[in-house]
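Dear colleague,

I am passing on the structure below, and my notes on it follow. Please read them with the coordinates open beside you.

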Amino acid sequence: MRIYFYRHLPTINNLNSTFIGRLDLKCDSVFIDEHRTEINNTMGKHSFKQIFCSPLQRAKQSADLFFPGATVIIDRRLIERDLGEWKLEVSSLMHSFQMEI
């Protein structure tokens with residue numbers, strides 16, 4: 001048995017280098033069209049029966065595109081981390097962030 005890990009397709013916030021954490025955003029349609037051939041060429045070489053996926057819609061949407069015909073099993077343990085105060089912050093600003101204890 002082999003285990004493969006994949007990352008969801010980008011959201012518009014990924015373009016802006018913005019942390020989104022558990023915000024339930026869809027993949028950007030531009031990226032879906034852009035990556036469709038790459039997905040088919042890469043994942044088309046393998047046959048998958050079951051896919052375990054985060055409950056976030058960007059992960060489910062990517063799983064459906066990457067693995068057509070496979071059963072997608074939602075597993076809450078795979079959800080993105082809650083980023084708290086960092087949610088919707090631009091990653092380049094994080095170097096100046098200091099936590100108060």
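A residue is called buried here if its relative accessible area is under 20%, exposed if that value is over 50%, and partly exposed in between. By that rule Cys27, at 7% relative accessibility, counts as buried. Please keep in mind throughout that this is a predicted model.

I began with the cysteines. The structure holds zero disulfides, and for Cys27 the reason is distance, because the closest cysteine sulfur, that of Cys53, is 9.9 Å away, too far for a bond, where a disulfide would need the two sulfur atoms within 2.5 Å. Cys53 is likewise in no disulfide, its nearest cysteine sulfur being that of Cys27. Cys53 is also buried, with a relative accessible area of 2%. If neighbours within four places in sequence are left aside, Cys53 is in contact with Tyr6, Ala59, Lys60, Ala63, Val72, Ile73, Ile74, Asp75 and Leu78.

Both cysteines belong to the largest nonpolar core, which has 12 residues, namely Leu9, Cys27, Ile32, Ile39, Ile51, Cys53, Ala59, Ala63, Phe66, Phe67, Ala70 and Val72. Helix 2 (29-43), strand 1 (50-53) and helix 3 are the elements that give two or more residues to this core, and the largest share, three residues, comes from helix 3. As general background, nonpolar side chains in soluble globular proteins tend to be buried together.

The strands come next. Strand 1 and strand 2 pair in the parallel sense over four bridges, and one of the residues involved is Gln50, whose bridge partner in strand 2 is Thr71. Together with helix 3, these two strands make a right-handed β-α-β unit.

How many aromatic pairs does the structure hold? There are two. In one of them, the rings of Phe48 and Phe67 have their centres 4.8 Å apart and their planes at 70 degrees, so the pair is edge-to-face. Phe48 lies in the loop between helix 2 and strand 1, whereas Phe67 lies in the loop between helix 3 and strand 2 (71-74), so this pair ties together parts that are 19 residues apart in sequence. Phe67, at 6% relative accessibility, counts as buried. The pair of Phe66 and Phe67 is edge-to-face as well, at 5.9 Å centre to centre and with 65 degrees between the planes, and both of these residues are buried. Through such ring pairs, Phe48, Phe66 and Phe67 are linked into a cluster.

Two further residues may be worth a look. Tyr4 has its place in the segment before helix 1 (12-15) and is partly exposed, with a relative accessible area of 40%. Not counting residues up to four places away in sequence, Tyr4 touches His46 and Phe48, the latter being a member of the ring cluster described above. Tyr4 and Ile51 are 47 residues apart in sequence, yet their C-alpha atoms are 9.5 Å apart in space.

Asp64, for its part, is placed in helix 3 (residues 57-66), and at 38% relative accessibility it counts as partly exposed.

With kind regards

Technical notes: Residues are numbered from 1 along each chain as its sequence is written. This is a predicted model: local features need pLDDT of at least 70, side-chain atom pairs count only at pLDDT 80 or more; totals for chains, interfaces and linings use all residues. Side-chain values use heavy atoms; hydrogens and water are left out. Buried means under 20% relative accessible area, exposed over 50%, partly exposed in between (1.4 Å probe, protein chains only). A nonpolar core is a set of buried Ala, Val, Leu, Ile, Met, Phe, Trp, Tyr and Cys residues joined through side-chain atoms within 4.5 Å. Contact means heavy atoms within 4.5 Å. Rings of Phe, Tyr and Trp (its six-membered ring) pair if their centres lie within 6.5 Å; planes under 30 degrees apart count as stacked, over 60 as edge-to-face and the rest as tilted. Two strands pair if DSSP finds at least two bridges between them. A crossover is right-handed if, with the strands pointing away from the viewer, the path from the first strand over the helix to the second runs clockwise.
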